[in-house]
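Reader: I have a new model on my screen. Please show me how to read its features.

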Amino acid sequence: MLAGTDSGVYRVPEREFDEAKQGLDGVEIRQLDSGDGTVFAASAAGLKRSTDGGEQWETVGPPVDDVHAVTYTDERVYAGVQPAGLYWSDDNGETWTSQTAFEAVAAASNWPKNPHHTEARARDVAVVEIPLDLADGVL
């Protein structure tokens, strides 16, 4: 089991334990998601990826350091960033595509902002199927 904290990712046994091993040190973790043996960690220092259960980590796109959200599906990895943007990768984080329509909406003056930040951000990412007859007008 992995636990994201303000100071990194810790590997924690699922049963009782006396000690947790830190696998990603000194990085504020905002969200973790995993699948197919790969773990992604959204952080202020970019999107991190581990393919060995959290022992080793590498930075993978998107081309924005401030990543607030990550969602992993069977087909794609999605990342929400600040300034407000959405990206996806079809190759497990090697290359990234920007959702430019979302960025245009987020740049509008009425986009909600946290009073402690000057820029809007994508705080979380969820993947849902929208029936085609309901998809009109959706980004």
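Author: Start with pairing. Two strands pair if DSSP finds at least two bridges between them. Strands (E, at least two residues) and helices (H or I, at least four) are DSSP runs, numbered from the N terminus. Now the case: glycine 80 has leucine 86 in β10 as its bridge partner.

Reader: What should I know about the model before going on?

Author: This is a predicted model: local features need pLDDT of at least 70, side-chain atom pairs count only at pLDDT 80 or more, and totals for chains, interfaces and linings use all residues. Residues are numbered from 1 along each chain as its sequence is written, and side-chain values use heavy atoms, with hydrogens and water left out.

Reader: What does β10 do with β11?

Author: β10 pairs with β11 (residues 97–98) over two bridges, in the antiparallel sense. There, tyrosine 87 has serine 98 as its bridge partner.

Reader: Which strands form the open sheet here, and in what order?

Author: The order is β8-β9-β10-β11, with antiparallel pairing. β8 and β11 are the edge strands, each pairing on one side only.

Reader: Is β10 enclosed or open?

Author: First the term. Buried means under 20% relative accessible area, exposed over 50%, and partly exposed in between (1.4 Å probe, protein chains only). In β10 (residues 85–89), four of the five residues are buried, so the strand is largely enclosed by the rest of the structure. For the protein, 35% of the 139 residues are buried.

Reader: What is the order of strands in the other open sheet?

Author: β4-β5-β6-β7, four strands with antiparallel pairing. β4 (29–35) and β7 (58–60) stand at the edges with a single partner strand each, so one side of each lacks a neighbour in the sheet. Inside this sheet, β5 and β6 (residues 46–50) pair antiparallel over five bridges. Phenylalanine 40 has arginine 49 in β6 as its bridge partner.

Reader: How do I read a nonpolar core?

Author: In soluble globular proteins, nonpolar side chains tend to be buried together. A nonpolar core is a set of buried Ala, Val, Leu, Ile, Met, Phe, Trp, Tyr and Cys residues joined through side-chain atoms within 4.5 Å. The largest one here has 13 residues. Phe40, Leu47, Val67, Val70, Val77 and Trp96 touch the most other members. β5 (38–43), β8 (67–72) and β9 (77–81) each supply at least two residues of this core. Apart from it lies another core, of seven residues, including Val27, Ile29, Ala41 and Trp57.

Reader: Take one residue. What does valine 67 touch?

Author: Contact means heavy atoms within 4.5 Å. Leaving out residues up to four places away in sequence, valine 67 touches several residues, among them Arg30, Ala42, Leu47, Pro62 and Ala79.
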